[in-house]
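Here are a few notes to read alongside the picture.

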Amino acid sequence: MNYLKNLTLILLLSITHSTYGQTSKKNIVIIISDDHAYQTIGAYGSHIAKTPNIDRLAKEGTVFNKAYVTNSICGPSRATLLTGKYSHKNGFKDNETSNFDHSQDLFVKRLRNAGYKTAWIGKQHLGNNPQGFDYSSILIGQGHYFNPDFINTDGTRERVEGYVSDIVTQKATSWLDTLDKTAPFCLIIGHKATHRTWMPDPKDFGKYDDAIISLPETFYDTYEGRQAAKEQEMSIAKDMQMGYDLKMYKNPIELRKDGNFARMTEQQFNKYLAYYKPIHEKLEMANLSDKALAEWKYRRYMIDYLNTAESMDRNIGTVLNYLDENDLTDNTIVIYLSDQGFYMGEHGWFDKRFMYEESFRTPMLARLPGVIKPNTITNAMVMNVDIAPTLLELANVEKPKDMQGVSFLPTLKNNNKKTRKGMFYHYYENGEHAVSPHFGVSDGRYKLIRFYKRVEGWELFDLEADPNELNNVYGKAKYRNIQNRMEKILRKEVQNLQDEDAANILQNIR
Ligand code: CA
């Protein structure tokens, strides 16, 4: 008995030692990209995309195979990251009408109170007055790929000549250089890439020109039984613009007038012209229409997007190398994620917003030597709302009582440990791209969605039988029990999370 007790004690001590061996707090680096699809990451199985530096995080850390967002759009996702709360609690429901209240209890403020040095550099997309950071240099609004404008900690504005992914990374490593490293730090790097209009660094032009890019299975989806999917305006064939999106203006003068090009230096513009002019000439000669044109657009979209991701991936490598060269790797958690997923032609779409997998899911990888086992994949469901409580727990800092996320620190320590049974989602914006507001719940296998405002109706999917979500089984006799169970789960989640908008809608349905 005593022997067993002693053995247990020794085991416990050794586990505690291996995970909390270092007395100093862990540093935190979050790299959050914009609209970067997991379908275009090597570590997530892409055979086309080359993302060696994101893949390095997979080799040295863990890939979250089931990471999701609470509201699949830019600003709301970052508001959720900072607050650990859903949009209805942090107040930032959509990009078009919401203002973010930075005076809220943000996880970075708690870290700062506990002695962390904090910074947000790059895209934040939550207005121009961030709080909770010792240093901030954020892109104004959506930010620009070329010669972007920043607003700094002291409110001063500056335009920096060059390409955005390089500049943001340069600013991030420069800030790290200023730290004396006796205090832990939390650095958030917000990339503009790979947001519309997918403008690559000219040095990456041509990297995917000869790639074999096949159409997604659902490219010609006809949206049977899915009214909101039918009514959206984010179709590559119908809504993607030849000029604004694909740079196919009828002449260089028109191209130069586009705001993204008007701000370029002569040299930058000439590099773009040199690449796109022959493409435009060839397109004119081909005289494409209908399906051939839609497929041409899809291919050009993919190439621009993948080329844009090249610079971001390279710059992620720069940050990882910086950590190596400054002996910071072993004591720093690095999390890479996007603000949501993105459609790469699935259902015929670009953009995001829907609770369907491609935009509901987000890529997420994490590395922390000694805690996260290298080269692992986890199938535990996690959400972006869970990141704040996880990092506070990792830093041994108390979380706000009203924080809604669930810490996935157990999953970081053991990739088989699960912290969630279900995931609630709520998308509010009712404007650009005409996606109907909706909320819903997923248990990983089944997904129940309620659309409202623009489209009224239910959708239920069995992801095991129908991973592409083409077959809405709501109301089908075979799924009656599952439907009832999912509806109960939904009502319970709405109640638990105190989502009054959703509660009112559900009340009126019954
Ligand atoms: Ca986004």
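**Notes on some helices and a loop**

1. Let's start with helix 6, whose buried residues are Val164, Ser165, Ile167, Val168, Thr169, Lys171, Ala172, Thr173, Trp175 and Leu176. Buried here means under 20% relative accessible area, while exposed is over 50% and partly exposed lies in between (1.4 Å probe, protein chains only). Helices (H or I, at least four residues) and strands (E, at least two) are DSSP runs, numbered from the N terminus.

2. A word on the model: it is predicted, so local features need pLDDT of at least 70 and side-chain atom pairs count only at pLDDT 80 or more, whereas totals for chains, interfaces and linings use all residues. Residues are numbered from 1 along each chain as its sequence is written, and side-chain values use heavy atoms, with hydrogens and water left out.

3. What do the buried residues of helix 6 pack against? They pack against strand 4 (117–122), strand 5 (135–139), strand 6 (149–152), strand 7 (157–159), strand 8 (185–190) and helix 11. Contact means heavy atoms within 4.5 Å. Helix 6 (residues 164–178) has 15 residues and spans 21 Å from first C-alpha to last, close to the 21 Å expected at 1.5 Å a residue; that expected span is 1.5 Å times one less than the number of residues.

4. Now look at the loop between helix 6 and strand 8, where you'll find Leu179. Leu179 counts as buried because its relative accessibility is 14%. Setting aside neighbours within four places in sequence, Leu179 is in contact with Lys117 and Phe185.

5. Next, helix 2 (residues 52–60) and helix 11 (residues 290–325): their axes come within 7 Å and cross at roughly 50°. Axes are lines fitted to C-alpha atoms, for helices over the stretch in contact, and angles run from 0 to 180 degrees between N-to-C directions. That makes helix 2 oblique to helix 11. (Under 35 degrees is roughly parallel, over 145 roughly antiparallel, 65 to 115 roughly perpendicular, and the rest oblique.) By class, this contact has 5 nonpolar, 3 polar and 4 charged residues. Ala, Val, Leu, Ile, Met, Phe, Trp, Tyr, Cys and Pro count as nonpolar, Asp, Glu, Lys and Arg as charged, and the others, Gly among them, as polar.

6. Finally, the axes of helix 15 (residues 480–496) and helix 16 (residues 500–509) come within 8 Å and cross at roughly 140°, so these two helices are oblique to each other. Leu490, Arg491 and Val494 in helix 15 meet Ala502, Ala503 and Leu506 in helix 16.
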